[in-house]
Amino acid sequence: MENTSKQEKIKEILTRGVEQVFDLEHLEKALAGEKLNIKHGVDPTGPKIHLGRASALLKLKDLQDLGHQIILIIGDFTAQIGDASDKTAMRRSLSEEEIKKNMADYLPQMGRILDMEKTKVYYNGEWLSRLAVKNLFLIAQNFTAQQMIQRRNFKERWDQDKPIGLHELLYPIFQGYDSVAIRADLEVGGYDQLFNLQTGREIQKFFGQKQQDIMSLKMLIGPDGRKMSTSWGNVINMADAPQQMYGLIMSMKDDLMFDYFEVCTRVPMSRVAELENAMKGGKINPRDIKKELAREIVKIFHGAEAAVSAEQEFENVFKDKKLPSEIFQIEIKEEELGVVDLLVALNLASSKAEAKRLIEQKGVKIGGEDNLIVKENLQEKIKIEEGMIVQVGKRKFAKIKKA
RNA sequence: GGGUAGGUACCAAAGUAGUCAAAUGGACCUGACUGUAAAUCAGGUGGCUUACGCCUCCGGGGGUGCAAGUCCCUCCCUGCCCA
């Protein structure tokens with residue numbers, strides 16, 4: 001009995017949110033057996049981990065629960081190069097200082113998903129910064145320039161006459177060498193990393209090691225339909241406050257929901273299929289599906305309680321158009337202020353010009369708790385009163401505190 | 001090293017002396033509508049000024065000219081071709 005359920009778990013692990021596995025047959029057997037060294041590399045290129053990356057952590061958690069050894073490689077060395085996998089433009093190298101700063105926040109975030117007690121963490125600068133040039137040279141002989149360049153991202157840049165840094169070409173080698181250093185049995189990474197993962201296999205072979213299996217995961221699309229990427233700004237971060245995270249999920253395009261269900265939650269796939277069918281058949285309001293999704297995701301990162309209150313708050317503010325339960329208070333010294341100046345003073349507009357625009361567009365409401373009034377007159381003077389509420393757009397609020 | 005094409009706002013990309021605070025698309029913001037912060041539609045997106053208007057802006061610096069994103073010089077950066 002226990003065996004069959006374990007087999008089922010493994011099946012799920014091998015398929016859910018997974019783009020490709022190699023060598024599938026071998027891995028399926030291996031997962032059922034002895035403790036495996038499972039490698040996952042993270043480059044601390046920013047202080048926050050977004051959901052796209054967090055989805056890999058969920059996968060690792062599943063593997064960890066199965067009893068395998070998770071080994072996180074923090075790419076303090078490789079981050080200085082910048083992985084080209086998800087880049088369509090050359091990225092400036094990060095300074096050591098920036099990397100240190102970013103790293104400080106990384107592990108606690110990962111600890112929200114993984115059991116860090118059971119997780120090994122290495123920094124690849126430990127071995128890469130000492131890698132002899134001669135060895136690099138020997139390893140490099142296993143690859144051709146064409147192989148390195150032909151991968152999709154470089155090819156795109158090549159075709160568009162965009163720069164490709166020589167150092168970027170070495171990235172896969174470094175990542176691959178990590179696999180040697182820790183004797184990885186399996187490496188998990190995003191689909192965009194497929195090439196790097198394979199490179200690990202080659203280099204392990206060169207060093208006479210057993211070759212790792214590789215699992216590449218589906219890439220998460222940002223809520224706006226573009227690839228989720230920090231430089232696009234279309235990210236949902238795992239450290240985002242529950243309320244904000246919930247809102248960001250609600251703002252995604254409807255057709256993306258099911259990908260998120262698969263990749264970012266552990267809602268049974270049967271349930272997901274059910275929801276998808278219901279939506280196609282017009283039997284269910286897409287909004288309700290999205291609510292379920294938002295709730296599930298917030299639950300994973302912040303717990304069930306936070307998920308419930310985030311949902312209530314959202315309903316309150318956006319469905320019932322009530323005021324949020326907590327409004328940021330700002331002290332105002334003046335007795336009276338023009339509308340424009342007030343918006344700037346409350347930080348609801350970054351300049352007077354913007355404040356004017358907002359007012360002209362009927363986006364500004366001021367008043368007491370229950371009677372917010374749209375302000376259209378730029379000239380109007382507002383008498384400052386304790387507890388006065390100022391709303392800009394649908395979701396920016398401030399409460400005035402008299403000095 | 002030689003030749004050549006480029007560097008424009010958050011991003012991409014037009015513009016090659018005045019009509020340029022700079023087309024267009026994306027992103028973002030506001031409104032309408034709704035099923036939601038979805039989709040769709042409309043409008044908006046340098047700053048200051050009550051306003052006439054003024055200031056800053058097209059890789060850096062320097063020039064020409066009544067007038068420069070646009071011409072000239074120079075420097076920095078990038079692509080491509082050649083060596």
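This briefing walks through the domains, the RNA-facing surface, some helices and one leucine of the structure above. The model is predicted, so please read every value here as computed from that prediction. Chain A is divided into domain 1 (2-217), domain 2 (242-319) and domain 3 (329-402). The C-alpha centres of domain 2 and domain 3 lie 33 Å apart.

**The surface near RNA strand B**

- There are 32 residues around RNA strand B, and Asp161, Gly247, Ser251, Pro286 and Gly393 come nearest.
- Two or more residues each are given to this surface by helix 11 (242-250), helix 14 (286-302), helix 15 (304-319) and helix 17 (352-360).
- Helix 17 supplies the largest share of the surface near RNA strand B, with five residues.
- By residue type, the surface near RNA strand B holds 14 charged, nine polar and nine nonpolar residues.

**Helix 3**

- Helix 3 covers residues 51-65, and its 15 residues reach 20 Å from the first C-alpha to the last, close to the 21 Å expected at 1.5 Å a residue.
- Most of helix 3 is covered, with 11 of its 15 residues buried.
- Among the buried residues of helix 3 are Leu51, Leu57, Leu58, Leu60 and Leu63, and Arg53 and Lys59 are also buried.

**Helix 4**

- Helix 4 (residues 96-110) has 15 residues, which should span 21 Å at 1.5 Å a residue; its end C-alpha atoms are 21 Å apart, so the two values agree.
- Ile99, Asn102 and Met110 are the buried residues of helix 4.
- The cover over these buried residues of helix 4 includes helix 3 and strand 3 (69-74).

**Helix 13**

- Just after helix 13 comes glycine 282, whose phi is positive, at about 70°.

**A look at leucine 194**

- Leucine 194 sits in helix 10 (residues 194-206).
- Leaving aside residues up to four places away in sequence, leucine 194 touches Gln20 and Ser216.
- Isoleucine 214 is 20 residues from leucine 194 in sequence, and their C-alpha atoms are 8.1 Å apart in space.

Conventions:
Residues numbered from 1 in each chain as written. Chains lettered and ligands numbered in written order. Predicted model: local features only at pLDDT ≥ 70, side-chain atom pairs only at ≥ 80, totals over all residues. Near = placed C-beta within 6 Å. Helix = DSSP H or I, 4+ residues; strand = E, 2+ residues; numbered from the N terminus. Nonpolar A, V, L, I, M, F, W, Y, C, P; charged D, E, K, R; others polar. Expected span 1.5 Å × (residues − 1). Buried ≥ 20, exposed ≤ 12 C-beta atoms within 10 Å, placed from the backbone. Contact = placed C-beta atoms within 7 Å. Domains from an automatic or database assignment.
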